[in-house]
Amino acid sequence: MGSTGHLSNGKLNLNLLRDYYRRELLECLDKCLGSKALVWDDALTGPFGLIAEYSLLKEHEVEKMFPLSDKGLPPSNVQNIIFVTRPKLHLMEQISQNLLQEEHKGGFRKEYHIIFVPRKSLLCEKKLKESGVYGTLHNIEEFNLSLIPFDSDLMSMEMEGAFKECYLENDYTSMFYVAQSLMTLQFLYGIIPNIQGKGDCAKNVVDMMLRMRRELGGREPQITPQIDNLLILDRNVDLLTPLLSQLTYDGLIDEIFGINNTSVKLPPEKFVSSSQAPEEAPTEKKKIILNSSDELYGELRDKNFNAVGSLVSKKAKTITAEFDERHAAKTVSEMKHFVSKLPHLQQMRQSLSVHTSIAELIKEHTDSEEFLDSLRCQQEFINGVDTDKVNTYVEDCIGKMEPLDKVLRLICIQSYCNNGLKTKVLDYYKREIIQTYGYEHLVTLMNLEKAGLLRPSGQRNYPTIRKSLRLIVDEVNEQNPNDISYVYSGYAPLSIRLAQYHARPGWRSITEVLNLLPGPTIEEIQQIPVALRKRRSSITSSHSSVMDQKVTLVVFLGGVTFAEIAALRFLAQQDDALGEFVVFATKVITGQSLMNSLTGVDT
């Protein structure tokens with residue numbers, strides 16, 4: 001692969017980003033000569049697994065891998081012990097303990113190193129000095145893995161705290177890392193000519209990005225631009241969407257079980273084969289990788305869950321019919337043809353079995369009264385029904401001590417759809433929550449207010465936004481949708497409507513609505529050398545069938561849901577497609593993870 005950004009099938013090739021990080025990582029490792037053992041901060045094994053597989057690390061003399069723990073390091077005869085860690089103080093304590101125990105053991109002489117991801121911090125170095133182990137370290141390196149390619153059209157920075165840091169703590173450090181990551185993308189894929197955005201954080205990122213580019217003084221690689229548009233959206237421009245229950249296959253898996261770095265852990269009993277004896281049944285959760293290399297998952301992930309059953313049964317019939325072809329194969333060439341298809345068919349059958357089990361697990365959840373009642377309540381709120389008084393269903397949930405994140409989500413949806421709550425309604429909810437769930441949640445409620453998720457009555461913007469952007473769609477075809485609102489069965493995510501208008505006819509057509517949303521509207525043009533502009537247009541005209549698809553990079557600051565990603569993919573697949581969309585998020589979130597990040601107690 002060359003050093004310029006390639007478009008495959010009109011899409012941005014994210015393998016280029018993966019290769020870039022892989023090279024950086026191997027350079028880091030190769031600074032330590034001799035055999036190596038990597039000691040992992042547990043939170044990094046997922047992201048690293050998406051960049052470099054173990055076989056590649058072995059080629060660079062990595063012989064052992066251990067999780068970082070209080071229990072110390074297992075014995076090994078390697079020359080180098082390398083700690084791979086985030087810059088967190090509690091992890092420095094563990095590393096210090098490990099190093100002191102190693103020193104105490106004596107024995108085989110080793111060198112010790114630390115690789116900080118994405119960067120080291122002065123506080124961490126100070127902690128290591130205070131523990132008396134700093135001098136033991138041979139090398140302290142940084143590995144700037146800040147943007148992880150999850151799939152062919154999805155990248156995440158996996159920054160858990162970005163929303164909380166920006167909206168509660170006024171700490172914009174994470175936005176600096178976003179700007180840096182955008183600069184890395186421009187280094188690999190060329191300058192992005194058109195930038196638009198909405199929100200305070202978006203403004204912050206664009207300003208930093210433009211400054212970083214000025215500081216380069218034209219020393220950037222001369223690459224034909226592969227990305228046409230950059231659209232940056234603050235999460236607080238659309239706080240409603242992540243609060244609602246997602247209704248896509250992918251979204252529901254994430255809501256119920258939690259998808260982490262493209263993998264999910266599920267109850268093992270659903271994945272026991274009929275030939276297994278009960279005592280052989282696994283007790284560990286079943287880990288399943290979810291990405292588009294699994295053909296069936298690629299077809300299912302963005303569907304409304306109500307359309308999943310019929311698609312799975314159709315696939316089952318097709319696979320059975322294809323297996324039955326072996327009986328009809330008479331000649332050698334027919335047999336040969338069948339045998340050549342066999343590995344793919346067996347893979348499809350295995351995948352079908354996995355996704356049937358997952359769908360059954362989801363169905364148990366979506367058929368439950370708790371889920372259906374909550375969904376009904378949400379639908380009433382977004383349609384503006386009885387949003388101005390205490391809701392009896394929410395009261396019941398508090399009375400039954402249902403999970404706090406569920407209760408808070410519903411109250412925040414009501415607050416959003418009513419443009420804030422009357423003082424007496426808000427006070428009533430607060431009092432009930434504190435009495436039922438504990439006084440420590442005073443902090444939670446204050447955090448929700450500060451982040452704009454709970455507020456007293458204000459301007460009546462929601463009905464205008466809802467009507468102008470057609471956020472509520474009454475007739476929704478969940479099986480064969482014709483509008484993005486299928487991802488929430490009748491509600492079109494505001495964020496994705498903005499992306500839709502941005503692509504066509506442009507944001508000038510919705511200026512009044514944009515003015516009702518929080519934060520400034522940003523528009524910048526980045527100048528590109530004439531020679532590169534010409535090359536871009538000549539490529540476009542010579543490959544018009546593939547290349548006239550404009551590529552838009554959509555950045556979500558503060559997180560994105562799988563339902564929103566599904567809605568963007570839906571827009572890209574339409575006959576009058578608005579071009580290709582590539583998603584860049586600070587984190588893939590759910591309403592629950594958003595709530596948990598704002599609670600005043602450790603969850």
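Predicted model: local features only at pLDDT ≥ 70, side-chain atom pairs only at ≥ 80, totals over all residues.
Me: About how much space lies in the largest cavity?
Reply: Three cavities of 30 Å³ or more are found in the structure. The space in the largest cavity is about 50 Å³.

Me: Which residues of the largest nonpolar core touch the most other members?
Reply: Nonpolar side chains tend to be buried together in soluble globular proteins. The largest nonpolar core here holds 173 residues. Those that touch the most other members are Val178, Leu182, Leu453, Leu498, Leu553 and Phe584.

Me: Which residues does Leu453 touch, not counting residues up to four places away in sequence?
Reply: Leu453 belongs to the largest nonpolar core. With residues up to four places away in sequence left out, Leu453 touches Phe163, Leu239, Leu243, Cys412, Ser415, Leu448, Met595 and Leu598.

Me: Why is strand E10 largely enclosed by the rest of the structure?
Reply: Strand E10 covers residues 194-198. A residue counts as buried under 20% relative accessible area. E10 is largely enclosed because, of its five residues, the number buried is four.

Me: In E11, what is the bridge partner of Lys198?
Reply: Strand E11 covers residues 229-234 and runs parallel to E10, with five bridges joining the two. In E11, Lys198 has as its bridge partner Leu233.

Technical notes: Residues numbered from 1 in each chain as written. Heavy atoms only, no water. Core = buried A, V, L, I, M, F, W, Y, C linked by side-chain atoms within 4.5 Å. Buried < 20%, exposed > 50% of the residue type's maximum accessible area, 1.4 Å probe, protein only. Contact = heavy atoms within 4.5 Å. 1 Å grid on protein atoms, 1.4 Å probe; cavity = no way out; pocket = protein on both sides within 12 Å on 5 of 7 lines; lining within 4 Å. Points joined across faces, edges and corners; volume = space filled by probe spheres on them. Pairing = 2+ DSSP bridges.
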